[in-house]
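Have the structure open as you read.

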Amino acid sequence: RVFHRLYNMSFIEYINRNRVDVAARMIKETKRALKDISKDVGFSSDISFRRSFIRYKGVTAGKYRKLV
């Protein structure tokens with residue numbers, strides 16, 4: 001509750017936002033497979049990575065790679 005009050009989001013949401021930010025940076029800077037990137041940043045499944053990426057970036061990771 002204290003975390004939510006301070007950051008206006010849950011701890012899990014904070015972690016997932018950071019994971020997506022790190023993944024986005026890796027997508028920009030490397031040509032590694034998205035599946036490998038999702039595992040490296042801590043997502044346990046490709047589906048959870050896909051959902052979180054779309055939620056915080058507004059596009060899929062594949063589309064993001066094409067845009068940057």
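## A tucked-away serine

Start with Ser-38, which touches Phe-43, Asp-46 and Phe-49, leaving aside residues up to four places away in sequence. Keep in mind that this is a predicted model. You'll find Ser-38 in helix 3, which covers residues 34–40.

Is Ser-38 buried or exposed? Its relative accessible area is 0%, so Ser-38 counts as buried, given that the cut-off for buried is under 20%.

## The nonpolar core

Next up is the largest nonpolar core, which has 13 residues. Ala-23, Ile-27, Phe-49 and Phe-53 are the ones with the most contacts inside it. Helix 2 (11–29), helix 4 (46–57) and helix 5 (61–67) each give two or more residues to this core. Helix 2 gives the most, with five residues.

In soluble globular proteins, nonpolar side chains tend to be buried together.

Now zoom in on Ile-27. Not counting residues up to four places away in sequence, Ile-27 touches Leu-34, Ile-37, Phe-53, Ala-61, Tyr-64 and Arg-65.

## Where two helices cross

How do helix 2 and helix 4 pack? Their axes are 9 Å apart, at an angle of about 90 degrees. That angle is why helix 2 is described as roughly perpendicular to helix 4.

On the helix 2 side, the residues making the contact include Val-20, Ala-23, Ala-24 and Ile-27. Helix 4 brings in Phe-49, Ser-52, Phe-53, Arg-55, Tyr-56 and Lys-57.

Notes
Residues numbered from 1 in each chain as written. Predicted model: local features only at pLDDT ≥ 70, side-chain atom pairs only at ≥ 80, totals over all residues. Heavy atoms only, no water. Core = buried A, V, L, I, M, F, W, Y, C linked by side-chain atoms within 4.5 Å. Buried < 20%, exposed > 50% of the residue type's maximum accessible area, 1.4 Å probe, protein only. Helix = DSSP H or I, 4+ residues; strand = E, 2+ residues; numbered from the N terminus. Contact = heavy atoms within 4.5 Å. Axes fitted to C-alpha atoms, helices over the stretch in contact; angles between N-to-C directions. Parallel < 35°, antiparallel > 145°, perpendicular 65-115°, else oblique.
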